[in-house]
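Visitor: Could you show me how to read a ligand site and a strand in a model like this one?

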Amino acid sequence: MKVLVLGGAGYIGSHMCKYLSEQGHEVVVFDNLSTGHAEAVKWGVLVKGDILNQADLDMLFEIHGRFDLIMHFCAKSLVGESVQQPAIYYKNNVVGTLNVLDTMVKTGHDKLVFSSTAAVFGMPQVNLIDEKQPRRPINPYGQTKKMVEDILQDYHQAYGLKSVCLRYFNACGADPECEVGECHQPETHLIPNVLKSVNNASSAKLKVFGNDYPTADGTCVRDYIHINDLATAHIKAGLYLDNHDGAYAFNLGNGNGFSVLQVINAAMAVVGEDIAFDIEARRQGDPAILVADASLAIKQLGWQPKYTDITDIIATAWQWHQNEKF
Ligand code: UFG
């Protein structure tokens, strides 16, 4: 397949490109490099451009012609920032995506795999979240992703655009061969923050946001899904559209919840030393438990997450953090 990866210079997109290329697919990356890294584009060509600029999108399709599948990872994705600066989120994530969709319709492309998020569920009432749970986002980031999910339903009905939304729970880990990995500025995610607190003695001490949640040890429980498991799900989702005509959504997690303290303990085992931390106040908007019921994706897409052990996942992230190349 010839696959267009929008946002292919970012954390998830770059791992996707490596996996696509390993599977023998041709890759074209389109990225504005606002949070992605040119150095992470190692598989396929990089077209620098912005989904907010229609001329950039027109040029991309003019030069590279037809794609068999489009994967769309471009997004602003920090929950806190989305509350402070919603305009940036609605523009990038909704208006930018509308530009992509309209360009697809205009050029006769009809297969899209779209990055959605567990944040569409807001504060769920159940601990194991399947696709039937109501989507009630509690921040602009989750709201933008829900809006696109809804737009995709309408674009299928009106224009025949087929899509799969993949709702990631906590994407984490790195390429075991260390060619790409997680590199956010600023970093807000738990696993890289835990590992950075080991790597860099001068960095601020690790903070644990709240230990008074209704969980076994009082810290929040999340479903940490390895980046390579996300990559395999995307290819399966793309192939699903070859013989399914609709706008679909699947939750992606490994189905196991780990608390913040369990993650820190697993990280200590991986790095072989103690990790100091302070217990801080709860972070606004954090649900106590978010774990995916991914059985629909497993059944419909024929997908199976391989990384279910948190220690194995953290080991790949640790390898990357010790050798960060960009
Ligand atoms: N946490 C800490 N210290 C840190 C960082 C995080 O204690 O330095 C805690 C958080 O409070 C939370 C857990 O670790 O309880 C996980 O936090 P992350 O920031 O790593 O991930 P989130 O669960 O907040 O975010 C993920 C995705 C978002 C998505 C959200 C949906 O990364 O894109 O789930 O709720 F929006």
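Predicted model: local features only at pLDDT ≥ 70, side-chain atom pairs only at ≥ 80, totals over all residues.

Visitor: Which residues come nearest to the ligand?

Guide: A residue is near a molecule if one of its heavy atoms lies within 4 Å of it. Of the 19 residues around the ligand, Leu190, Lys207, Arg222, Arg283 and Asp286 come nearest.

Visitor: What polar atoms lie by the oxygen atoms of the ligand?

Guide: A polar contact is a pair of N or O atoms within 3.5 Å. A polar side-chain atom of Arg283 lies 2.7 Å from a ligand oxygen, a backbone N or O atom of Leu190 lies 2.8 Å from one, and a side-chain N or O atom of His189 is 3.0 Å from one. The protein buries 91% of the 690 Å² that the ligand exposes when taken alone, with areas from the Shrake-Rupley method and a 1.4 Å probe.

Visitor: Is strand S7 buried or exposed?

Guide: In a regular strand the side chains alternate between the two faces of the sheet. Strands are DSSP runs (E, at least two residues), and buried means under 20% relative accessible area. In S7 (residues 162-168), seven of seven residues are buried; Lys162, Val164, Leu166 and Tyr168 point one way, and Ser163, Cys165 and Arg167 the other.

Note on methods: Residues numbered from 1 in each chain as written. Heavy atoms only, no water. Polar contact = N/O pair within 3.5 Å; in protein donor to acceptor, adjacent residues only side chain to side chain. Buried < 20%, exposed > 50% of the residue type's maximum accessible area, 1.4 Å probe, protein only. Helix = DSSP H or I, 4+ residues; strand = E, 2+ residues; numbered from the N terminus.
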